[in-house]
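Here is a short briefing on one protein chain. Look at the sequence and the model, then read on.

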Amino acid sequence: MKTRSSGAKRIKDKDSQIFNVINICLLILFTIIIIVPIWNIVASSFATSDALAKGNFIFWPEETSLDNYIRVLSDSSLWSALFISVSKTVIGVLAHTAFCAIVAYALSKRGLKGRNLYSSLGLITMLFSGGMIPTYLLIKSLGLLNTFWVYIIPSLLSYYDVIILMNFFRDVPISLEESAKIDGASDWLVFQKIFLPLSKPALATIALFHGVWQWNDFMTAKLYVTDKALYPLQMKLYEIITQSQAASSQGLNAAIEIGTTSKGIQLATIVVTTVPILIIYPLLQKHFISGMMLGAVKE
C-alpha cells in the first residue's frame with residue numbers, strides 16, 4: 001500500500017511539474033507577444049527616415065538617429081500640450097475621485113432618504129446618454145466651450161466608480177463608525193479619517209483608471225475645443241497622424257518623404273506620451289492590495 005501511495009504521489013508531483021512548465025512557457029510566450037510590438041515602436045522611433053522607408057527590421061534599425069525626438073521636444077506647442085495634459089489629468093483625477101467618493105459614501109448609508117431614487121438615476125446614466133449633439137449643446141449652454149474646465153466638470157461623476165466605492169465602503173466594519181460617533185465625530189470626520197484611509201486600494205484603482213482615460217482622451221478636445229493653446233498631448237498626436245495621412249495626396253515621392261518623417265515623429269510622440277503612465281503605474285500598484293483592513297477590527 002505504501003509503495004502504491006508513494007508511486008501515485010510521484011506521478012502526481014511529475015504531472016504538477018509538467019503543468020508548471022507549461023504555464024511558464026505560456027507566460028513567456030504571452031510576454032513576448034506583448035513586448036515585441038512595444039519594443040518595435042520604441043526602436044522605430046529611433047530610426048532614420050530611410051530606415052523607416054525600408055522597414056526591414058524588428059528589434060533595432062540599421063540607421064539610428066535622435067532627430068525624431070529632437071523635433072518633437074523642440075516643438076513649443078508640444079510642451080504647452082504636455083502642460084495641459086498633466087494639468088487636466090492631475091486635477092481631473094483628484095476631482096473625480098473625491099466627488100465619486102463623497103457620493104458613494106452617502107449612497108452606502110441605507111438610511112439615506114431618496115436613496116433608491118438616486119441609485120436609479122445613477123443606473124440610467126450607465127445605460128443611456130444624451131447623444132453627441134445634445135451633449136454639445138449642453139456644454140455650450142454651460143459656457144464650457146474652449147475652456148480648460150471642459151476636461152474636468154463633465155467627467156466628475158462615473159456611477160460605475162460610485163458602485164465600486166459604495167460596495168467597498170459597506171465592507172468597512174460599522175463598529176469603527178459607531179465608536180467614532182460616540183467620541184463626537186461628525187459624518188464628514190468619519191468619512192475623512194476612517195473610510196478614506198481604509199479605502200486606499202479602491203481609490204487608487206479608480207484614480208488610475210480615470211487618470212489613464214484623462215491622459216489618452218482627445219475626443220473632448222476634438223469636439224469642444226478649437227483653441228490650440230488648450231490642446232492636450234493626445235490631440236497633438238492626432239494632428240500629427242492626420243498630417244501624415246494628408247501627405248499621400250501630394251504625390252508619391254513627396255508622400256514617401258513626408259510620410260516617413262511624420263511617422264518617425266508620430267512614433268516618438270507615442271513613446272513620449274506613454275512614458276508618464278509607465279512611471280505612475282508601478283507607484284500605484286502597491287495600493288491594489290485589498291488586505292489593508294485585515295485585522296483592523298476583531299468582532
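Buried means under 20% relative accessible area, and exposed means over 50%. By that cut-off, the buried residues of helix α9 are Val 190, Phe 191, Ile 194, Phe 195 and Leu 198. The model is a predicted one. The points below start with the whole chain and then go helix by helix.

**Whole chain**

- The protein chain holds 13 helices and 0 strands.
- Read from the N terminus, every element in the run is therefore written as α: α-α-α-α-α-α-α-α-α-α-α-α-α.
- The chain has 299 residues, and 33% of them are buried.
- Take the contacts between residues at least 6 apart in sequence: 70% of these join residues at least 24 apart.
- The accessible surface is about 18,900 Å². Carbon and sulfur atoms account for 67% of that surface.

**Helix α9 and its cover**

- Helix α9 spans residues 187–198, which makes 12 residues.
- The buried set in α9 is Val 190, Phe 191, Ile 194, Phe 195 and Leu 198. These residues cover an arc of only 125° around the axis, so they sit on the same side of α9.
- Trp 188 and Lys 193 are exposed on the other side of α9.
- Which helices cover the buried residues of α9? The cover includes α4, α7, α8 (174–182) and α10 (200–216).

**Helix α8**

- Ser 175, Glu 177 and Ala 180 are buried in α8.
- The buried residues of α8 pack against α4 and α9.
- Gly 184 follows α8 and has a positive phi, near 100°.

- Helix α5 has 13 residues. From first C-alpha to last it reaches 19 Å, close to the 18 Å expected at 1.5 Å a residue.
- Arg 115, Ser 119 and Gly 122 are buried in α5. They are on the same side of the helix, because they cover an arc of only 60° around the axis.
- The buried residues of α5 pack against α4 (76–107) and α7.
- The other side of α5 carries exposed residues: Asn 116, Leu 117 and Leu 127.

**The nonpolar patch**

- A nonpolar surface patch covers about 1,000 Å². Its residues are Leu 117, Tyr 118, Leu 121, Leu 123, Ile 124, Met 126, Leu 127, Phe 128, Tyr 160 and Ile 164.
- Two elements give two or more residues to the patch: α5 (115–127) and α7 (159–170).
- Which element supplies the largest share? Helix α5 does, with 7 residues.
- Leu 127, one of the patch residues, lies in α5. Why does Leu 127 count as exposed? Its relative accessibility is 67%, and the cut-off for exposed is over 50%.

**Ser 44 in helix α1**

- Ser 44 is placed in helix α1, residues 2–45.
- Is Ser 44 buried or exposed? Ser 44 counts as buried because its relative accessibility is 7%, and the cut-off for buried is under 20%.
- Leaving out residues up to four places away in sequence, Ser 44 touches Leu 52, Phe 57, Asn 68 and Leu 267.

Terms used: Residues numbered from 1 in each chain as written. Predicted model: local features only at pLDDT ≥ 70, side-chain atom pairs only at ≥ 80, totals over all residues. Heavy atoms only, no water. Patch = residues over 30% accessible without salt bridge, like charges linked within 9 Å, V, L, I, M, F, W, Y side chains within 5 Å. Areas by Shrake-Rupley, 256 points an atom, 1.4 Å probe, with all protein chains shown as cover. Salt bridge = Lys/Arg side-chain N within 4 Å of Asp/Glu carboxyl O. Helix = DSSP H or I, 4+ residues; strand = E, 2+ residues; numbered from the N terminus. Buried < 20%, exposed > 50% of the residue type's maximum accessible area, 1.4 Å probe, protein only. Expected span 1.5 Å × (residues − 1). Arc of directions from axis to C-beta. Contact = heavy atoms within 4.5 Å.
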